[in-house]
Amino acid sequence: MSKLPARTGWHWVKQALQLFRKQPGALMALFFCCMFMSLFSLVVPLLGSVAPTLLAPMFSIALLQACADIDHEQRALPRLVFCGFRKPARGPLLGLGLLYLLVMLFALAVLSWLDDGVLIKMATRQIPMDKDMLENSRSALFVSSGIYMLGWMLTSLAAPLIYWQKMTLAKALFFSVVTVARDFKAFLAAAVVLFLMFQIGSAIPVLLFDSAQLEVTAIFTLFLIMVVLMHCTLYACYRQIFGTPEASVPPATPPAP
């Protein structure tokens, strides 16, 4: 398959918007179910603090399968929140979640190394907040965020490949990294478009509202929508490269006459 041009990323975002517009309520309801399950996992003994990261690929599968169901003109139902927990995908998806955790820890280690742990100490309230120290740590935060986002982007196709193509973790990671590296311009273009949409959208509440509480509420709501839209974009990307996946419930065949 030939390399995809950068403009393909823009087409993925447009297709994601069209998909989201078909069932916005169902997608957001499913996302809130995933958020609730993620928060509930925090009470798991020993693993509570890292459980949301470990389970992230499973919740991504829920949203991606919802996109597939919508694509097949079916209703995206809350029961999809559990589809990533079923065998045989459960084990490899947990392994992928562990990889996400390792990448996050590596990014935090780089952040701590670059700014001598200032941001982490302020976040954990070991030292008081200081505007100048925050400003000095901005470049370190940018580098560490870039490391994490690059790691996530390179492995972004691994979860759907594990679930829909029944691949092992190693094989899915290989095909994900190779595919993203080959079509990096398209993936980067999609990421930039989504980022600009969020930046422009988050500026609107600042212009419209005088209340800081309303601004924060509106921006946080937009952030949640963008997370769902990001999964819709990932689905559009997967569909173009690997083909349209099956719906969670195959359509009923009409009875023979």
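Mentor: Let us begin with a kink of about 40° in H3, centred on Pro57. The bend at a residue is the angle between axes fitted to the seven residues ending there and the seven starting there. Please note that this is a predicted model, in which local features need pLDDT of at least 70 and side-chain atom pairs count only at pLDDT 80 or more, while totals for chains, interfaces and linings use all residues. Residues are numbered from 1 along each chain as its sequence is written, and side-chain values use heavy atoms, with hydrogens and water left out.

Trainee: How many residues has helix H3, and what span does it reach from its first C-alpha to its last?

Mentor: Helices (H or I, at least four residues) and strands (E, at least two) are DSSP runs, numbered from the N terminus. The expected span of a helix is 1.5 Å times one less than its number of residues. Helix H3 (residues 51-71) has 21 residues and reaches 31 Å, close to the 30 Å expected. Glu73, whose phi is positive, near 60°, follows H3.

Trainee: Is Leu54 buried or exposed?

Mentor: Buried means under 20% relative accessible area, exposed over 50%, and partly exposed in between (1.4 Å probe, protein chains only). Leu54 lies in helix H3 and is buried, because its relative accessible area is 15%. In H3, 18 of the 21 residues are buried.

Trainee: Which residues does Leu54 touch, not counting residues up to four places away in sequence?

Mentor: Contact means heavy atoms within 4.5 Å. Leu54 touches Leu93, Leu94, Gly97, Leu98 and Leu101.

Trainee: Which residues have the most contacts inside the largest nonpolar core?

Mentor: In soluble globular proteins, nonpolar side chains tend to be buried together. A nonpolar core is a set of buried Ala, Val, Leu, Ile, Met, Phe, Trp, Tyr and Cys residues joined through side-chain atoms within 4.5 Å. The largest one here has 62 residues, and Trp12, Leu157, Phe187 and Cys232 have the most contacts inside it. H11 gives the most to this core, with 13 residues. Leaving aside neighbours within four places in sequence, Phe187 is in contact with residues including Trp12, Leu157 and Cys237.

Trainee: How many disulfides does a search of the whole structure find?

Mentor: A disulfide is a pair of cysteine sulfur atoms within 2.5 Å. The search finds zero. For Cys83, the nearest cysteine sulfur, that of Cys34, is 8.3 Å away. Cys83 is buried, with a relative accessible area of 1%.
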